[in-house]
Amino acid sequence: MEAKIVLLPGDGIGPEIINQAERVLEQIAARFGHRFHLERHLIGGIAIDQTGSPLPPETVAACHTSSAVLLGAVGGPKWDDPNAAVRPEQGLLGIRKELQLFANLRPIVTFAELVDASPLKRDVVEGTDILFFRELTGGIYFGDSGSGVVDGVESAFQTMAYSVPEVERIVRLAAEAAKGRRNHLVSVDKANVLEPSRLWRRVAQRVMSEEFPEVRFEVLLVDAMAMHLISRPRDFDVVVTSNLFGDILTDEASMLPGSLGMLPSASVGSAGPGLFEPIHGSAPDIAGKGIANPLATLLASAMMLRYSLHLETEAVAVETAVRDVLAAGLRTADIARGATTVNTVQMTDAVLAKLTA
Ligand code: NAD
C-alpha cells in the first residue's frame with residue numbers, strides 16, 4: 001500500500017512522541033512492504049508562533065489530501081492567556097471540524113502488568129477492554145445558547161438536539177466495530193428525561209434490529225452506566241453515546257487503566273482521513289526531558305493502521321509489540337511505580353526490536 005500520512009507534532013512532548021511514532025511506522029512499512037509518505041505540518045502553539053494561526057491553511061490542505069492524520073498534543077503555559085485572540089486548542093477543534101469527524105473512538109484497555117496502577121481493585125478491573133464511540137459534532141455542545149435577564153433573574157440556556165441521520169451513522173459505526181470484537185453493543189442515553197435521548201434510543205433500537213440482528217444490543221441510562229463502569233467494567237464491549245455523555249463517561253473510563261500515557265483515541269468521519277492521537281496533553285512539565293511515555297501515541301498509530309488504512313495485521317503487530325515490552329518489564333517513569341525506568345527513545349527501541357523479532 002502507498003499512503004500519505006500527515007504528522008502534526010504540536011507542542012510540549014508532542015514532537016518527542018511523534019518522532020517515535022514515525023520510527024515505528026517506518027518499521028511497519030519496511031516489514032510489510034508498504035510506502036508511507038510521512039509529512040509534518042504545524043498545529044497549535046508552535047503554529048501560532050510561526051504563522052499567527054493555530055491551524056494554518058497549508059496544514060488543512062495537507063490533511064485533506066492525506067489518508068490519515070497523527071497528532072501529538074497542543075497547548076502549554078506559553079499560550080495559556082485566556083484573553084488571547086488565538087489559542088492552540090482552536091487548532092484541534094478546527095481540524096476536527098474541517099475533516100468532519102463525527103465519531104470519537106476511545107479504547108479503554110487494561111494491561112495486566114499495569115493493573116496495580118488502577119484506582120480500582122485488580123479483580124474488578126483486570127481484563128477490561130471497552131471501545132467507546134462518542135458522538136462528536138452534535139448535541140448540546142453545538143446547540144443554541146444564550147444568556148440574559150428573564151423576569152428580573154440572570155439566566156442562561158443551551159439546547160440539546162439530535163437528528164435521525166446523526167444517530168444512525170454513529171450507531172452503524174459502533175455496531176460494525178462490535179461485529180469485529182465481542183459482538184455486544186450498549187447504547188447510553190437519558191431517555192427517561194430528555195427528548196433527544198428518546199429519539200436516540202428509538203433510532204438505535206431500529207438500526208440494531210433491522211441491520212445488526214446478530215449483535216447483542218442493550219440500552220442503559222447514563223447514570224446507571226456511570227456506576228456500572230466502576231463496578232463491572234469487564235462486562236462492556238462497545239459503548240455508543242452522545243457528545244455530552246461520552247465526554248464525561250470516557251474521562252471516567254480513562255481512569256480505569258490508571259495510566260494516562262497508555263491511552264490512544266481516534267476521531268473519524270464517513271469518508272476522508274481520520275485523526276489519531278494520544279488522549280494525554282502536551283505535558284509541559286516533562287517536555288524536552290526525553291522521558292515521555294510514547295506508548296499512547298504508538299497505540300494511536302495502531303488505531304490509524306486499523307481504522308484509516310485498514311491494515312489489521314499491522315495494527316495488531318504494533319499492539320502486540322507494546323504488550324510484549326510491558327511484559328518484558330520495560331517502564332517509562334510515569335508507569336514505573338518504583339521499577340527501573342527507560343526513556344522515550346529506549347522504550348521505542350524495545351518496541352522496534354519486538355516488531356522485527
Ligand atoms: P497532560 O495530559 O499534558 O499532563 C498531565 C500529567 O500527566 C502531567 O504530569 C504529565 O507530565 C503527565 N503525562 C501526560 N502525558 C504523558 C506521557 N506521555 N508520558 C509521561 N507523562 C505524561 O495534561 P495537563 O497538564 O492538564 O495539560 C497540559 C497542556 O496540554 C495544557 O496546555 C492543555 O490544554 C493541553 N492538553 C492538550 C490536549 C490535546 O492536545 N489533545 C489534551 C489535554 C490537554
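Modeller: Keep in mind that this is a predicted model. Start with the shell. The ligand is surrounded by 19 residues. The closest are V74, G281, A283, D285 and N293. By class, the shell around the ligand holds 9 nonpolar, 6 polar and 4 charged residues.

A283 belongs to the closest group, and one of its backbone N or O atoms sits 2.8 Å from an oxygen atom of the ligand. S282 also uses its backbone: an N or O atom there is 3.0 Å from a ligand oxygen. E89 uses its side chain instead, with an N or O atom 3.4 Å from an oxygen atom of the ligand. As for cover, the ligand has 800 Å² of accessible area on its own, and the protein covers 67% of that.

On to the helices. Two packed helices are described by the angle between their axes and the distance between the axes. Here the pair is helix 8, residues 222-231, and helix 9, residues 243-254. Their axes lie 10 Å apart, at an angle of about 10 degrees. Angles under 35 degrees count as roughly parallel, so helix 8 is roughly parallel to helix 9.

Which residues make the contact? Helix 8 supplies V222, M225, A226, L229 and I230. Helix 9 supplies F245, L249, E252 and A253. By class, this contact between helix 8 and helix 9 has 8 nonpolar residues, no polar ones and 1 charged.

Key
Residues numbered from 1 in each chain as written. Predicted model: local features only at pLDDT ≥ 70, side-chain atom pairs only at ≥ 80, totals over all residues. Heavy atoms only, no water. Near = heavy atom within 4 Å. Polar contact = N/O pair within 3.5 Å; in protein donor to acceptor, adjacent residues only side chain to side chain. Areas by Shrake-Rupley, 256 points an atom, 1.4 Å probe, with all protein chains shown as cover. Nonpolar A, V, L, I, M, F, W, Y, C, P; charged D, E, K, R; others polar. Axes fitted to C-alpha atoms, helices over the stretch in contact; angles between N-to-C directions. Helix = DSSP H or I, 4+ residues; strand = E, 2+ residues; numbered from the N terminus. Parallel < 35°, antiparallel > 145°, perpendicular 65-115°, else oblique. Contact = heavy atoms within 4.5 Å.
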